[in-house]
Amino acid sequence: MTSDGAPRLLRIGAVRRVTEAEGPGRRFAVWAQGCSIRCVGCFNPHLLGTRGGWDASPADLAADALGAARDLGVDGVTLLGGEPFEQAAAFAEFAALARGGGLTVMTFTGFEREFLEGPTAPRGAADLLAATDLLVDGPYLADQIDLTRPWVGSANQRFHFLTDRLKEFEPRLADLPDRLEVRIDATGRVTVNGWATTDQLDRLLADLVRPPRGA
Ligand code: SF4
């Protein structure tokens with residue numbers, strides 16, 4: 001609830017009920033709609049504006065995440081974007097509900113942790129940090145592409161294990177592969193998530209749409 005009693009809503013750009021490409025294990029991933037940081041080369045330009053997407057209540061979204069845990073073996077939620085900390089209070093509510101149901105919480109942000117812990121942090125930032133087990137911070141810097149660590153795009157981005165709940169992955173980061181998930185639904189619509197360079201993605205998609213030999 002907001003201070004005037006209105007229900008707090010999230011503005012969501014995408015949800016994937018189960019993915020193995022957005023953090024450790026099987027995760028329920030939520031992409032925030034809207035980001036004012038505007039990194040050059042942002043992988044999700046369609047999520048930058050605040051006009052797209054749809055509204056969801058933190059409670060409804062948490063119920064969906066807990067359903068995915070029950071039905072699909074999901075063991076955590078991942079918040080990414082867009083910028084979750086520009087809707088920090090609502091994402092904190094969702095994250096706390098998911099964690100209360102036993103799920104771990106991983107949050108990506110284009111801000112740096114020091115800013116989020118400082119006096120000019122967005123409203124609700126402290127609550128979202130408190131509900132996060134693993135924080136990945138920093139903007140995407142296209143001149144520092146990182147092809148060695150999983151899930152991150154550039155070398156400046158840092159992993160902060162804020163609790164012990166995902167800490168087992170800390171010494172294994174260098175061994176965990178980056179993954180790219182490509183899904184084609186019954187209508188032929190292709191969706192991609194995870195991390196790859198633009199060149200890798202272009203090659204992959206070119207192979208997907210190329211007709212088989214002899215066709
Ligand atoms: S912080 Fe993330 S979503 Fe925002 S512009 Fe940078 S890469 Fe894109």
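Modeller: Let us take strand E4, which 4 bridges join to strand E5 (residues 104-108), the two running parallel. Strands pair here if DSSP finds at least two bridges between them. Helices (H or I, at least four residues) and strands (E, at least two) are DSSP runs, numbered from the N terminus. Within this pairing, Leu 79 stands opposite Thr 107 in E5. Between E4 and E5 the chain passes through helix H2 (residues 88-100), making a right-handed β-α-β crossover. Right-handed means that, with the strands pointing away from the viewer, the path from the first strand over the helix to the second runs clockwise.

Two notes on the basis of all this. The model is predicted, so local features need pLDDT of at least 70 and side-chain atom pairs count only at pLDDT 80 or more, while totals for chains, interfaces and linings use all residues. Residues are numbered from 1 along each chain as its sequence is written, and side-chain values use heavy atoms, with hydrogens and water left out.

E4 also pairs with strand E2 (residues 27-32), in the parallel sense and over 5 bridges. There, Thr 78 of E4 is the bridge partner of Ala 29.

E4 itself spans residues 76-80 and is mostly covered, with 5 of its 5 residues buried. Buried means under 20% relative accessible area, exposed over 50%, and partly exposed in between (1.4 Å probe, protein chains only). Gly 76, Thr 78 and Leu 80 point one way from the strand, and Val 77 and Leu 79 point the other way; all are buried. For the protein, buried residues make up 45% of the 215 residues.

Read along the sequence, they follow the pattern β-β-β-α-β-α-β-α-α-β-β-β-β-α.

Then there is the ligand. The residues around the ligand include Gly 81 and Gly 82, along with Cys 35, Arg 38 and Tyr 140; each residue in this shell has a heavy atom within 4 Å of the molecule. By class, the shell has 6 nonpolar, 3 polar and 1 charged residues. Ala, Val, Leu, Ile, Met, Phe, Trp, Tyr, Cys and Pro count as nonpolar, Asp, Glu, Lys and Arg as charged, and the others, Gly among them, as polar.

Elsewhere, Asp 178 lies in the loop between strand E7 (158-161) and strand E8 (180-184). Asp 178 counts as partly exposed because its relative accessibility is 30%.
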